[in-house]
Structure formats: structure tokens, C-alpha cells
Amino acid sequence: MVDYIVVGLGLAGTAFCETLRKNDKTFVVFNDRSQTSSRVAGGLYNPVILKRFTLSWRADEQLPVATEFYTQLEQFLNVKFDKKLNVLRKFASIEEQNLWFEAADKNKLKPYLATKLVNNENAGLNIPFQLGKVLETGRLETLTLFNNYENWLKEESKLYTQTFTYNDLQIKQDYVIYKDIKAKNVVFAEGYGMMQNPFFNYLPMQGSKGEYIVIESKGLNELNVIKSSIFLIPLGNDLYKVGATYHRNDKNNITTEEAKSELLNKLDTLLNHPYKVVDHVAGMRPTVKDRRPLVGQHPKYINLWLLNGFGSHGITIAPWAAKALYDRVEKEMPLLEEMDIARFNRN
């Protein structure tokens, strides 16, 4: 008997497994890598929605939890994957600069928006005005994080790299049986894969496909993340990730020429420097109709739980929501109503 079976090992699954490890709970993980969103994402954490200069949902609560979580995880795995990077917002007009100052004067945004603007000194960038600097930002090298965490799970014989088959799950009153494993609880952290889960696919996940390209631009030498109509994210070695697109109708992880053209058109308005495309990736973000996470207990089966629906803010939400779910299961502490899946329970 283990305490938990965790299904999925993106940001949500990893955050929950790590919460279990730190609380001395026993668990195993099933992960078939069918969901690519966490692995292909830009990896940025940024508390501000830069399109309209507003604070992301509860980012002021989530960011300190996430910062401590990733610092401790780096120490545990003995690997560096959290890179501190500045995010600079390109302004399209003087009016937009003025809106930045208005936002920076608001109490909740003051800690995150610098009031001293930055001059562009990179001739390879087409930036006619100054830039706004966002504070408390950076980038997770998500592949480094996931690969190292998977290696630890394998060493501990906790990882099953096979698809979880729902029909093989036997649900008893106080525990479940899955093949030869008995567990007290199952936590599903499958991202958009939840749509195939017969226990939770009644929930209103929309899903949003995101595509990125990776370019090589020798001599551009930009060390900051630049946000215009797209993000330009430095990866090192003259490589930059460019993205992302948002498409709700295309429900797969296949790259498209349409999205690539969209990204290149936007990139060409930002760069005055030669580049070549060296990679193109896609993934389905687990976005929800009301833009809030999907966390909580199945309405009928008390030992089935969900941790999902973080959209494009998984890096900051995941550690905070994982702790909230753990406290709900182990300490019967209530979840926030706005993220509890009970808000969608059918009558």
C-alpha cells in the first residue's frame, strides 16, 4: 500500500510529488509523456500580464511559494534550472508608457513594475521607445528540471513510463487498486490529457494550443527577455525561443506552418538582425473556461483527486496549488472556492 498514485509529471505532477516527498508520503508516478505543454513551454515566470499591465491571478501569493519551492528543489536535485532574467516590455507608444506608470503606482503592482524605464542599446532590436522592466522574473529550464526529477524517481523505483489505463482502476471505499498497486489516493495531474479521463472529463477545460519556434541569431547578444507582440527569450549560445501562439480550435501537439508564419511575422517587426529557425514545437495548455485552476475531490469517488488547469501560469501556480491540495487531502483544509472543482459539480 502506498499513500498516493500520481498520474502525470508536468509542473503540476512534479510539484505534488515533491510536496509528498517533503512530507514523507509514499507514492508512485505514471507518466507516458503524451502531454508536452510543460516540456515545450517558454519557462518564464512573470507576475504581470503584460498585455494590459495587471497582476496575474493571486501572483503575489504564489510567487514567494514558487521561489522557495524551486530553490529547495534545485538543492535536492543538485542541479541549476532556475535562471534569473529580466523581462523588458516594449512600448508601442508614449501613451503605453504612461499606462505603465499608472499601473506601477498601484499597490499590488508596485513590487513588480520598475518606474525607471530602460533605454534600448541593442541595434539588432527595433525598439523606438523605452522599455518597462518587470521585477521578480526569470526562466525555468523545464527540461532540465523534469529530466533530473525523472532520474530520481527511477532510482527510487517510483516511476512507471506507461499509459495509465482508467479501466484497470478498482475503486474501493478506503483505497484503490491499480494492477498490482494499492493506494489510498490517486491524484490526476494530466494537463490537457484530462479530456480522456472518464472521471474528470465532465469539467469545462477548453485547452489552448501554443507553438514556439527556436531561432539562432549570431551576434544579437540579447540577455534580457523582450516582450512585444511575442516573447523573445534568450536560451544561451545565440539561441532564442520565440512565442507563443494561442489557438483554441486545434487540439493536438502537431506544429503548423500557419503558426510558424504568425510568429515569424511578429518577430520580423522586432528584429533588425539575421536569424535562422532551428526548431519548432507545440503543446496544449490546460486552460479553463473561467481561467481558474481545477483542483479538488471527485464528487462521487472520495479517493480520486485532480490538480490541473493552470493555463500558461503553471510555474507559479503549481507549487502553491499542490500544497493547497495536499492540505485538503491530509488535513481537510478547504480549498479556495474559485479553484475548487466543486464549483462545476453537476446536480
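On the surface, Lys51, Arg52, Arg248, Lys251 and Arg291 gather in a patch of positive charge; a patch is made of residues with over 30% relative accessible area and no salt bridge, like charges being joined within 9 Å. Here Lys and Arg count as positive, the place of a charge is NZ of Lys or CZ of Arg, and a salt bridge is a side-chain nitrogen of Lys or Arg within 4 Å of a carboxyl oxygen of Asp or Glu. The model is predicted, so that local features need pLDDT of at least 70 and side-chain atom pairs count only at pLDDT 80 or more, while totals for chains, interfaces and linings use all residues. Residues are numbered from 1 along each chain as its sequence is written, and side-chain values use heavy atoms, with hydrogens and water left out.

The table gives two exposed residues, where exposed means over 50% relative accessible area with a 1.4 Å probe, counting protein chains only.

| Residue | Relative accessible area |
|---|---|
| Arg291 | 60% |
| Glu337 | 71% |

Arg291 lies in the loop between strand S18 (276-285) and strand S19 (294-297), whereas Glu337 belongs to the segment after helix H7 (314-331); helices (H or I, at least four residues) and strands (E, at least two) are DSSP runs, numbered from the N terminus. The C-alpha atoms of Glu337 and Val295 are separated by 9.8 Å, although 42 residues apart along the chain.

Three strands, in the order S3-S9-S6, form an open sheet with antiparallel pairing, and its edge strands, S3 (44-45) and S6 (82-84), each pair on one side only. Strands pair if DSSP finds at least two bridges between them, and S6 and S9 (residues 138-140) pair over three bridges. Lys83 has Arg139 in S9 as its bridge partner.

How values were computed
Patch = residues over 30% accessible without salt bridge, like charges linked within 9 Å, V, L, I, M, F, W, Y side chains within 5 Å. Areas by Shrake-Rupley, 256 points an atom, 1.4 Å probe, with all protein chains shown as cover. Buried < 20%, exposed > 50% of the residue type's maximum accessible area, 1.4 Å probe, protein only.
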